[in-house]
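Subject: Structure handover

Hello,

Here is the structure I said I would pass on. Please look through it first; my notes follow below.

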Amino acid sequence: GSMKAINRFLIVDNIKLERKVVGGLELMDSQDASNRYLKGKVISAGNLVEGISEGDVVFYDRHAGHSIELADKKHYFILKAGDIVIVE
């Protein structure tokens, strides 16, 4: 069975962001504003979460939430709805 988030929590599968290359120069993290946020796909949204549903791609603060390892040996993030900054 798959895990379900409850209340205002979300389970998010992290999506790796590609490094940006601009004019042949690779941008490092500190120069790339978007790297303040991580991108992820919502695996499960709690019953009190509004405006975000399963399958949505979201951006969240890289310091938010915590990592969890599920039975399939993948690492997911547990976030509060308030940690989500953008829904794509």
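Accessible areas come from the Shrake-Rupley method with a 1.4 Å probe, and for residues only the protein chains shown count as cover. On that basis the protein chain has an accessible surface of about 6000 Å², and carbon and sulfur atoms account for 54% of this surface.

The model is predicted, so local features need pLDDT of at least 70 and side-chain atom pairs count only at pLDDT 80 or more, while totals for chains, interfaces and linings use all residues. Residues are numbered from 1 along each chain as its sequence is written, and side-chain values use heavy atoms, with hydrogens and water left out.

Overall picture

The protein chain has 8 strands and 0 helices; helices (H or I, at least four residues) and strands (E, at least two) are DSSP runs, numbered from the N terminus. Of its 88 residues, 32% are buried, meaning under 20% relative accessible area, where exposed is over 50% and partly exposed is in between (1.4 Å probe, protein chains only). Taking contacts (heavy atoms within 4.5 Å) between residues at least 6 apart in sequence, 61% join residues at least 24 apart.

Strand 7

Two strands pair if DSSP finds at least two bridges between them. Strand 7 (residues 75-80) runs antiparallel to strand 1 (residues 9-15), with 4 bridges joining them. Val12 has Phe77 of strand 7 as its bridge partner. Strand 7 also pairs with strand 6 (residues 66-69), again in the antiparallel sense and over 4 bridges. Here His66 is opposite Ile78. Strands 6 and 7 form a hairpin with 5 residues between them, and Lys73 in the turn has a positive phi of about 65°.

The aromatic pair

The structure contains 1 aromatic pair. This is Tyr60 with Phe77, tilted, at 5.8 Å centre to centre and 50° between the planes. Rings of Phe, Tyr and Trp (its six-membered ring) pair if their centres lie within 6.5 Å; planes under 30 degrees apart count as stacked, over 60 as edge-to-face and the rest as tilted. Tyr60 belongs to strand 5 (residues 57-61) and Phe77 to strand 7, 17 residues apart, which links distant parts of the chain. Both residues are buried.

Asp61

Asp61 is also in strand 5. Its relative accessible area is 15%, so Asp61 counts as buried. The Asp61 side chain reaches the backbone nitrogen of His63 at 2.9 Å. Leaving aside neighbours within four places in sequence, Asp61 is in contact with Arg36, Tyr37 and Asp83.

Regards

Definitions and conventions
Polar contact = N/O pair within 3.5 Å; in protein donor to acceptor, adjacent residues only side chain to side chain.
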